[in-house]
Amino acid sequence: MIVPLLWGIHMDPGVWKMPEEFRPGRFLNDAGHFFQPESFLPYQVGERMCVGKDLANIMVVFFVATVVQNFKIEGLESGFVDLSYAWSFLTLPKPQELVFVGRGKFCPTTYIYYRLQNYLPGPWNLPVIGYLHKIDTKAPHLSFLKVAQKYGPVYRLKLGSFNTVFISDAKLLKQVLMKDATLSRPPLHLLGIIFGDKGIIYSSSDVWKDQRKFVSNFLRVSGATKMSPNKEALENQMKQSVQDVIQYVQNQGNSVTLNPSEAVTNYVSDISSSLILGTRNSKLEKILTHNFFKIVKQYQVSGPVNFLPFLRFLPKYRKGVKLLHDLVNEIFTTLNKIVCQNEKTDNDKKLMSIVDTFMLDKSVDKVFNTGQLQLLSNMFGASTETTISSILWVLLYLAHFKEVQNKVRKELWNILQDKSPQIGDLPKLPYTEATLAEVARIRSLFPLGFPHYTTDDVCVENVKIPKNTVIIPFLWAIHMDPKVWRNPEEFCPERFLNDEGKFYQPESFLPFQAGKRMCVGKDLAKMVIFLFVATVLQKVKIECREGVDLSYTFGFTLQPKAQELTFTTVSI
Ligand code: HEM
């Protein structure tokens, strides 16, 4: 038997200088051209030499050249690559993970390559902190947008100890969020403190299913969804709350200049309070709203604790985290007081609240359990902060874009004349609806969406997201994608109108996210915002003497800057 001992030939120190060293230069001649020494025989020699050598060469060179052209290849965090081998019939490399770092601008072929391989592209992460050091805390969505421009619409990133996947492809996001394995919330420290794991927002599995079913049913019965059979009681409540605001403005004279924040807060918390807690205009309700605003403010400061929970032990963060705990406790105390008051006024109300529903359950003996308190707190918090900021954004954009404001008012006057707007009027007012949608697009209230968490591997359209990954629905990138929205930075309500001038909603418009955990209050939010904006615009002109500041503060949501607007009464 003749054994062609290729190892001996390729490692012969008489032929190869320092044969153990990796030196591509030994295959170059003096002119720098590739040259093949006689002792290089990977395909052996003679009549039975490998018949596929040319094909093998082409395949290897093509693959390696394409990958190296587009990526920097590195070992994992420690930078270690195992070059030892397993010996069988062939010398095989040990299976191991490598990091492929894309180069330069986003390259579609690179992205397709990754997708075909089921790998998710993403930048290099540091040990412990991951990518956190590269994030602008004042505008994190813009830092993440830069990563998306380089790595494409689905990329992975490490935030502290969390594996995270950012999705800015609307179609893919919808499919991912429809999967049962993405229904959970990630174990982020601050979210846990604020929402608790027994309330609708942050719970998972059966606790969430029960609460979601209860809330969806409650909202439908109380008239807060599109499909609700009877919206009268709720609509009357909303009209009364908005009339209070109009009355307040009119009492100041023909024209008043003020920061609208307080009036809008009163309007929204009045509705939320009636619907959720069964109270109106109470001192306790104001304490509640105030505490939620404090939570939002504190969340901005303590944000990194979410991803690096050990930071809560450092003096810089300890106080802030304690304050969050205190605020949540104070909210629970206030809720308990509201519940006790509720009993006394129970007979006077027409609108059934969540508290009323709980009270009907005779097993509730004035003291609500943790799940019920967290549900009330979740519902009140979710419905106030979001809707208040949305209305304020609409007022600011209308004050800045006066032609849009005039067009909305003209539509209201043409269609409704001086009849007060009703919730059911919205479909007759396409330009008004388009304007509200355009504000929600250009100022995504949740630029980084609300996170989900995988409880199993998820595979959608060749994208594989492993178990225990945080999913970030990157709504800002979706709403600002120039491939979907022409000149996305421009404020243009017309993009929500079709050729016939009817309101139309593009697939990439997801202010309430998507899938099975999509915002449960979306219909209510639309009603509350529409009724306020339509009622105010029908009667009042909005201006800003100093010039409107459309910049924002990034916190739990994207908030407008506090500023004064002038409201002047107008009539048809
Ligand atoms: C313009 C106003 C609003 C916006 C932009 C908004 C947006 C969102 C978003 C993006 C989510 C996350 C969905 C997900 O995790 O997939 C969400 C969840 C939620 N929203 Fe809203 N929301 C608004 C108003 C409201 C209102 C008025 C209510 C109350 C009736 C409400 C109650 C909730 C609740 C309870 C959840 C958690 C749902 C769950 O986890 O199953 N939201 N909202």
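The model is predicted. In it, the iron atom of the ligand has a single donor from the protein, the SG atom of C519, and 26 residues lie around the ligand.

**Iron site**
- The SG atom of C519 is 2.3 Å away from the iron atom of the ligand.
- C519 itself sits in the loop that runs between α16 (475-479) and α17 (522-539).

**Shell around the ligand**
- The residues that come nearest to the ligand are R185, W208, R212, R517 and C519.
- Two or more residues of the shell are given by each of α7 (205-221), α13 (370-400) and α17, and the largest share, six residues, comes from α13.
- By residue class, the shell is made up of 16 nonpolar, seven polar and three charged residues.

**Largest pocket**
- The largest pocket has a volume of about 2,100 Å³, and of the 41 residues that line it, W7, H10, M11, P42 and T91 are the closest to its centre.
- Two or more lining residues are given by each of α1 (6-10), α2 (53-70), β2 (85-87) and β3 (91-93), with α2 giving the most, five residues.
- The lining of this pocket divides into 28 nonpolar, seven polar and six charged residues.

Terms used: Residues are numbered from 1 along each chain as its sequence is written. This is a predicted model: local features need pLDDT of at least 70, side-chain atom pairs count only at pLDDT 80 or more; totals for chains, interfaces and linings use all residues. Side-chain values use heavy atoms; hydrogens and water are left out. Donors are N, O and S atoms within 2.8 Å of the metal (3.2 Å for Na, K and Ca); water is not among the atoms, so sites may look incomplete. Helices (H or I, at least four residues) and strands (E, at least two) are DSSP runs, numbered from the N terminus. On a 1 Å grid over the protein atoms alone, a cavity is a set of points where a 1.4 Å probe fits but cannot get out, and a pocket is an open set with protein on both sides within 12 Å along at least five of seven lines; lining residues have an atom within 4 Å of a point. Grid points are joined across faces, edges and corners, and a volume is the space filled by probe spheres set on the points. Ala, Val, Leu, Ile, Met, Phe, Trp, Tyr, Cys and Pro count as nonpolar, Asp, Glu, Lys and Arg as charged, and the others, Gly among them, as polar. A residue is near a molecule or strand if one of its heavy atoms lies within 4 Å of it.
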